[in-house]
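Please keep the model open beside them as you go.

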Amino acid sequence: MSFEDGQEKEDSLGAHRLEDEYVLKVYDQIACDFDRTRYKPWPKVNDYIRSLLPGSILVDIGCGNGKYFTGISRHVLQLGCDTSVELLEICRKRDSGSLTNSGDCEQTNYYNEVVASNVLSLPLRNGSVDHCICIAVLHHLASPERRLEALREIFRILRPGGTCLIYVWAMEQERGGTKSKYMQKSTNSATNAGTRGAENTPKEERYHGSLPIHTNRTQFKHQDLLVPWKLKADKGSDQKEYLRYYHIFKEGELESLLEKISGTELIQQYFDQGNWCIVFKKQS
C-alpha cells in the first residue's frame, strides 16, 4: 500500500467516525424533537414531486421523519431511507394522507415503505428507480470523497432519463439583499429546539476539538463545523445541547462535484432559502 493510499484510508476512517458521532448518533437522540419542529415540506421540493409522472418510483434519500410522505406524493410509488432508526420509525408510521404533522410522534395504522441505509450504500439495484430526492443529506458527509461517492451512488440507482433533486446548506445566507429564513430574526422570543428561536448576537467562537461550533442564526464563518441542537429542558433543568456535523457548501461546489460523474446532465440549479439546489438527469 502506498503512502497516498494509506493516507486516503485514514482520512476516510476519520470522516466515518466524525459522521457516526456527530450525525448518526445525534439524530437518533433528537428524533422526536426533530419531528416536532421539522414537519413542514419545502414548497419547491413539493413542486418537484408534483411534476413526476403517476406511477413513478421515487426514493427519498435521507427521508428523516417523512415530511415528504404526504398527500403531495400519493401519485408516485415512494420509498424512504435514512440512517436514523428512530426517525425511520416515525416516518414509517406517518399518515401519508396528511399534509401536516401533529408534532407528537403519533402512530397511525398506515405504514410507509422505509429502510435503514446510508446514502453511500443504497440497497437498490442499478437503474431501478425513476427519481430521487436528497434533501439536507450531503452536507452531513465529512469529506469531498464521501460527498462524491454519495452522488455516484444516487447516479447508480437512477434509470437512464431519471432525475434527482438535491438540497445542501449554503455558505451564502443572503441573496439580492434578502436574508434567508434561517438568518431572519424570529418573532417568537421563546427559544425552541435546534436552529429556531431568537437571533443570537455574535459571541466568542467556541470549538469542540478542532471543529468550530456555529452560533445559530448567524452568518457562517467556516465550511466544516458543528451546529448545536438544543432540546427543551424540563422546568428546573439545564437545556441539553447536541452537536451535529455540517459541511457548508459554497456556490458552484455541488455542481463541481457533479461534473466529475460522466453521464450526468445538470437540468436546474437555484438558491432556495439558504440552500444550494440542483436537479440532475442520468443521460440515456
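This is a predicted model: local features need pLDDT of at least 70, side-chain atom pairs count only at pLDDT 80 or more; totals for chains, interfaces and linings use all residues.

1. With a relative accessible area of 0%, Val45 is buried. Setting aside neighbours within four places in sequence, Val45 has contacts with Tyr68, Ile133, Ile135, Leu165 and Tyr167. Do also look at Cys134: Val45 and Cys134 are 89 residues apart in sequence, yet their C-alpha atoms are 9.9 Å apart in space.

2. Next, the helix around that residue. H3 covers residues 43–50, and its buried residues are Val45, Asn46, Tyr48 and Ile49. Viewed down the axis of H3, these buried residues fall within an arc of 155°, so they line one face of the helix. As a reminder, an α-helix has 3.6 residues a turn, so residues three or four places apart point the same way. The partners of the buried residues of H3 are E1, strand E4 (129–135), strand E5 (158–169) and strand E13 (275–282).

3. Now some strand pairing to trace on screen. Strand E1 (residues 57–61) and strand E2 (residues 77–82) run parallel and are joined by five bridges. In this pair, Val59 stands opposite Leu79 of E2. E2 also pairs with strand E3 (residues 114–116), again in the parallel sense, over three bridges. Here Asp82 stands opposite Ala116 of E3.

4. On to the cores. The largest nonpolar core has 32 residues, and those with the most contacts inside it are Ile61, Val119, Cys132, Leu138, Ile154, Ile166 and Phe280. At least two residues of this core come from each of E1, E4, helix H5 (144–157), E5, helix H6 (253–258) and E13. H5 supplies the largest share, six residues. Apart from this core lies another, of 29 residues, among them Ala142, Met171, Tyr182 and Val227.

5. Not counting residues up to four places away in sequence, Val119 touches Ile61, Val137, Leu141, Ala150, Glu153 and Ile154.

6. Two backbone angles to check, please. Most residues other than glycine have a negative phi. Ala136, however, has a positive phi of about 60° although it is not a glycine. Ala136 belongs to the loop between E4 and H5, and at 35% relative accessibility it counts as partly exposed. Arg217 has a phi near 65°, also a positive value in a residue other than glycine. Arg217 lies in the loop between strand E9 (211–213) and strand E10 (224–231), and at 10% relative accessibility Arg217 counts as buried.

7. For the overall picture, the protein has six helices and 13 strands. Of its 284 residues, 48% count as buried. Among contacts with a separation of 6 or more, 65% are between residues 24 or more positions apart. The protein exposes about 14400 Å², with carbon and sulfur atoms supplying 48% of that area.

8. Finally, a word on confidence. The average pLDDT is 86, and 82% of the residues score at least 70. Over residues 1–7 the pLDDT is below 50, and this stretch has two contacts in the model beyond near neighbours in sequence. Over residues 98–102 the pLDDT is below 50 as well; that stretch has 10 contacts beyond near neighbours in sequence.

How values were computed
Residues are numbered from 1 along each chain as its sequence is written. Side-chain values use heavy atoms; hydrogens and water are left out. Two strands pair if DSSP finds at least two bridges between them. Helices (H or I, at least four residues) and strands (E, at least two) are DSSP runs, numbered from the N terminus. Buried means under 20% relative accessible area, exposed over 50%, partly exposed in between (1.4 Å probe, protein chains only). The arc is that of the directions from the helix axis to the C-beta atoms. Contact means heavy atoms within 4.5 Å. Accessible areas come from the Shrake-Rupley method with a 1.4 Å probe; for residues, only the protein chains shown count as cover. pLDDT is the predictor's confidence in each residue, from 0 to 100. A nonpolar core is a set of buried Ala, Val, Leu, Ile, Met, Phe, Trp, Tyr and Cys residues joined through side-chain atoms within 4.5 Å.
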